[in-house]
Amino acid sequence: MARIRGPISYKLRVVAIALVAAIFILYITLPDFGDGDSIFNKNASPKKGGSKIPWPRNQVQFPFERNGRIAGDKKKAEEVKAAMKRTFWKYRLGAWGADEIRPISGQTRTTRNGWAATIVDTLTTTAIMGLEEEFLLELNFTIHGIDFSNAIDLVDPFETTIRYLGALVSTVELIDAGVVPKALVSKLDRGAVLSQAVLLASKLAPGFNSPTGMIWPRINFTTNEGCREDLDQRPIPELDHATIGPARAGSNWLENKTLSKLTGNGEYERNATRSWKPLVWNKYVEEWPGLIDSPIDIMTGAPVDQHRSWGAGHDSYYEYLIKAHILAPNDPNSGKYRDRWVQAVESTMVNLMSWSTPGVGHEKGKLFLAQWRNGWLLNEMGHLACFAGGNFLLGGKYLGRKDIIQFGLDVIDACHETYVGSSTRIGPEYFSWMPANSAPNATYQPQHDGQREQLENLGYWITDARWMLRPETVESYFYAYRITGSKMYQDWAYDAFK
């Protein structure tokens with residue numbers, strides 16, 4: 001997506017970030033989601049599949065009411081809501097129906113196949129905020145103004161699933177849960193949104209037609225076939241077969257599981273399960289159990305390189321494992337998803353967890369997540385990997401793992417440090433640090449005086465200073481606040497919003 005500057009634009013994105021996390025928390029509190037159990041039910045039935053060791057299912061959210069507290073801050077919430085409202089109407093007047101708008105020139109961009117990405121992606125935002133007029137305008141356009149059977153350019157199933165399909169099924173869930181007032185949306189309109197989700201999922205279905213079931217990196221909506229990216233976009237152009245990272249294989253399950261639940265058609269869930277089956281039931285040797293080598297050949301399921309990371313190309317596979325377990329505890333594979341997530345986190349704590357040398361004014365460094373590629377420890381972390389702190393916190397709390405909870409809090413603290421260390425209070429796209437434990441093969445060193453000064457003062461240095469509308473750090477603040485009850489994390493989020 002385009003890099004957007006300006007106070008209103010970045011405020012909108014940060015607002016949407018927190019609300020994405022809020023929607024997930026809403027899902028796991030609904031007693032009728034998935035297979036009928038709520039995360040708040042401590043006496044839920046045991047899970048099938050995976051290990052036979054009993055795991056607790058702990059209440060995740062901090063008991064604000066029992067402690068005489070109100071979770072929200074009405075004054076700050078109104079500021080956020082006002083920013084969203086202003087931004088919506090600027091988009092409405094200048095770019096209605098476009099995927100994106102350039103906030104400086106006002107020109108529009110088609111980056112997500114011409115299906116009004118901004119409208120669909122913010123349906124749940126306007127719904128949760130109670131912006132009824134704005135929500136109805138978006139709902140009407142989504143129902144009557146978008147034809148998902150036709151696409152501009154090849155379709156990226158990863159981006160399409162997490163942005164469009166996820167938004168559509170989430171909107172139906174919010175309507176059913178009463179977050180959207182029943183009087184506001186007719187049964188006909190609710191059904192029309194679901195029909196759009198079914199149409200889109202049906203057009204995405206040919207993408208799963210590979211020998212392994214792993215999804216193709218692109219889909220041609222004209223020929224209804226999965227295909228490779230354009231040559232200049234392929235991770236390894238010289239290979240004869242299409243390759244994808246774990247995130248592409250895994251970031252289908254939650255959306256398609258929900259669609260199967262809403263429609264009664266299990267085909268969507270079956271497609272998504274087949275897509276990540278080669279990873280969940282990996283037949284190849286895992287040097288570090290649970291951590292997947294990538295990229296992966298979709299024709300054979302074999303890794304073609306040895307890159308292990310919680311960042312770009314890998315991230316949401318691991319994210320979805322624990323969420324699949326929580327959202328569908330009675331799914332036959334739920335226990336397996338849990339166990340694979342625990343394996344991955346434990347391997348990360350042993351092999352990729354990296355404390356930095358401290359910056360000025362700090363007695364101790366920060367805990368970052370390194371990467372591994374072909375025998376080299378890459379002491380560089382991207383903003384995308386900052387989701388992991390919240391994910392560790394969610395899974396650790398749910399499973400009663402205090403070590404994983406602390407791991408998550410430490411990662412969140414490190415990502416926060418990259419925000420407050422900048423003059424804008426917004427974190428960079430990539431940053432590096434010197435491992436405090438003199439880890440072998442630490443790859444990166446500061447390249448100029450500016451980076452060396454950052455290392456001395458901050459304990460890390462910036463390798464890519466862009467902020468690309470990333471939600472992950474604020475998303476992790478949300479989890480930390482809702483799980484620990486500490487107002488500090490709420491203040492951190494508001495600081496980023498300002």
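Is Val185 buried or exposed? I looked this up first. Val185 counts as buried, at 8% relative accessibility. I note here that the model is a predicted one.

**Val185 and its surroundings**

I placed Val185 in the loop between α6 (157-177) and α7 (187-204). I then listed its contacts, leaving out residues up to four places away in sequence. Val185 touches Phe135, Leu139, Ile175, Val180 and Arg190. The C-alpha atoms of Leu139 and Val185 are separated by 9.1 Å. Along the chain these two residues are 46 residues apart.

**Aromatic pairs**

I turned to the rings next. A pair of aromatic rings is described by the distance of the centres and the angle of the planes. The count for this model comes to 29 aromatic pairs. I opened Phe88 and Trp89, an edge-to-face pair. Their centres lie 5.2 Å apart, with 80 degrees between the planes. Phe88 has a relative accessible area of 4%, so I logged Phe88 as buried. Trp89 has 25%, so Trp89 went down as partly exposed.

Trp96 is partly exposed, at a relative accessible area of 24%. Phe141 counts as buried at 18% relative accessibility, because the limit for buried is under 20%.

I also looked for a cluster of rings. One aromatic cluster is formed by Trp253, Trp276, Trp281, Trp310, Tyr317, Tyr318, Tyr337, Phe387, Phe392 and Phe407.

**Lysines over rings**

Which ring does Lys76 lie over? I found Lys76 over the face of Tyr494, at 4.7 Å from the ring centre. Lys364 lies over the face of Trp355, and the distance to the ring centre is 4.2 Å.

**Cavities**

How many cavities of 30 Å³ or more does the structure hold? I noted 8 of them. The largest cavity holds about 80 Å³ of space.

**Backbone entries**

I went through the backbone for a cis peptide bond. One joins Ser294 and Pro295, with omega at about 0 degrees. Pro295 is in strand β6 (residues 294-297).

Then I looked at positive phi values. Asn224 has phi near 55 degrees, a positive value in a residue other than glycine. I located Asn224 in the loop between β3 (218-220) and β4 (225-227). Asn224 counts as partly exposed, at 39% relative accessibility.

Asn374 also has a positive phi, near 50 degrees, and is likewise a residue other than glycine. Its place is the loop between β10 (371-373) and β11 (376-378). I recorded a relative accessible area of 41% for Asn374, so Asn374 is partly exposed.

Where does Ser316 lie? I found Ser316 in helix α11 (residues 315-327). Ser316 is buried, with a relative accessible area of 7%. Not counting residues up to four places away in sequence, Ser316 touches Phe158, Ala247 and Ser251.

His416 was my last stop. His416 is found in helix α14 (residues 402-420). A relative accessible area of 11% makes His416 buried. I asked which residues His416 touches, not counting those up to four places away in sequence. I wrote down Tyr477 and Trp492. I also looked up Thr473. The C-alpha atoms of His416 and Thr473 are separated by 7.1 Å, and the two residues are 57 residues apart along the chain.

Note on methods. Residues numbered from 1 in each chain as written. Predicted model: local features only at pLDDT ≥ 70, side-chain atom pairs only at ≥ 80, totals over all residues. Heavy atoms only, no water. Phe/Tyr/Trp six-rings, centres within 6.5 Å; stacked < 30°, edge-to-face > 60°. Buried < 20%, exposed > 50% of the residue type's maximum accessible area, 1.4 Å probe, protein only. Lys NZ or Arg CZ within 6 Å of the ring centre and 35° of its normal. 1 Å grid on protein atoms, 1.4 Å probe; cavity = no way out; pocket = protein on both sides within 12 Å on 5 of 7 lines; lining within 4 Å. Points joined across faces, edges and corners; volume = space filled by probe spheres on them. Helix = DSSP H or I, 4+ residues; strand = E, 2+ residues; numbered from the N terminus. Contact = heavy atoms within 4.5 Å.
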